[in-house]
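Please look through the sequence and the structure shown below, and then read the report that follows.

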Amino acid sequence: MNSKVVANGILRAVGIILAVALILYFLYQIQSVIVYIAVAAVISLIGRPIVLFLRRKLKFNNTFAVVVTMVLLVGLFVGLIGLFIPLVAEQGQNLALLDIDQLQNNIQNLYNQVVSYFEFKNIDVEQSIKDSGLLSKLDFAYIPEFLNNLVSGLGSFSIGLFSVLFITFFFLKDSQLFENGIMTFIPSGNEAKTRRSFNTIKDLLSRYFVGLIFQILILFVIYTIVLLIFGINNAVVIAFLCALLNLVPYVGPLISGFLMLLLSMSSNLGESFSEVILPKTTYVMIGFIFAQLVDNFFSQPFIFSKSVKSHPLEIFLVIVIAGILFGIVGMIVAVPTYTAIKVILKEFLSENKVVKKLTKDL
């Protein structure tokens, strides 16, 4: 091997590295666009069954079916916004006029009642709380500032929302649009297998995302009923937030449980801890645990077995590994990504023994 061949090899390797680096830098710069496309893809998968129903059952043409589906999705979104805006505006006005000193006094009174209650039970919690410095770290003056930042972000949200809806419309109208772009990079001879993989992935993920919506809806209904029964303020908002957090596997329910506990206690500030706050909060948390049992033993197994056709233990391991490697984002995208990988492996490596075992239900 002469020096010219070696030099050409080095130059080619450097060129490849530079090209990859430039592509990664470009993707980093347009990450917001990538997020828009990803969100639009998810929404289009959710709307896909509606489009197919309108086309096959009601004989709508493709464009009209897509328009009706978009109107339904936007109407659902506007309905949710219309439901929450009055409640958020009311809370925003209350917080804008909030007497920070009075709020601190109320929380201090609640703290004193909690400590007195546990001292009566021979449990010394005051020293451990003081050692943690938790109360000294709370700065309630950040609440109005947080609301101002939230309002300032609405402009960016509006642009993002328009972009997502625009992309979603064309994903629904031309379901082959994304596939055709990918097919450009597929070697000759593999087009048929790739298209079959795309169709299977779309069917499975459509069922999965629709199933997630029903999972959130079930939790939302149970949470709302429990919170309304025990007279918790802003029950609908709390229920929706806690149900939505359930999208984050395993970690989400823990966060939603803590949020429901905190908001349930804070909604009764100024009341007696032992006679009002503690009983109400206890009953609310019992309702929360009941909702989680329904979700864990009914909703999730049904979604995973019927939509992505994977064993719950298999899903658990995939989510845990993805969480270790990529954090919360990895846990959220673990199931769709794993499902897509399984479909591709079955299509291209169907004779492999391990692949046969993993994809026997697909």
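In which loop is Lys59 found? In this predicted model, Lys59 is found in the loop between helix 2 (31-56) and helix 3 (62-96). Although Lys59 is not a glycine, this residue has a positive phi of about 60 degrees. Lys59 counts as exposed because its relative accessibility is 68%, and the cut-off for that word is over 50%.

We turn next to the nonpolar cores. The largest nonpolar core has 21 residues, and those with the most contacts inside it are Tyr208, Phe209, Phe304, Val308, Ile315, Ile319 and Val335. The elements that give two or more residues to this core are helix 2, helix 10 (191-229), helix 13 (273-308) and helix 14 (312-348), and among these helix 14 gives the most, with 10 residues.

An unreviewed UniProt entry places the feature "transmembrane region" at residues 9-28, 34-54, 66-89, 150-172, 205-230, 236-263, 283-303 and 315-341.

| Span | Helix | Strand | Distance between end C-alpha atoms |
|---|---|---|---|
| residues 9-28 | 100% helix | 0% strand | 29 Å |
| residues 283-303 | 100% helix | 0% strand | 29 Å |

What percentage of the chain over residues 9-28 is helix? Over residues 9-28 the chain is 100% helix, with 0% strand, and for residues 283-303 the values are likewise 100% helix and 0% strand.

Definitions and conventions: Residues numbered from 1 in each chain as written. Predicted model: local features only at pLDDT ≥ 70, side-chain atom pairs only at ≥ 80, totals over all residues. Heavy atoms only, no water. Helix = DSSP H or I, 4+ residues; strand = E, 2+ residues; numbered from the N terminus. Buried < 20%, exposed > 50% of the residue type's maximum accessible area, 1.4 Å probe, protein only. Core = buried A, V, L, I, M, F, W, Y, C linked by side-chain atoms within 4.5 Å. UniProt positions renumbered as here; feature names shortened; annotations may be inferred.
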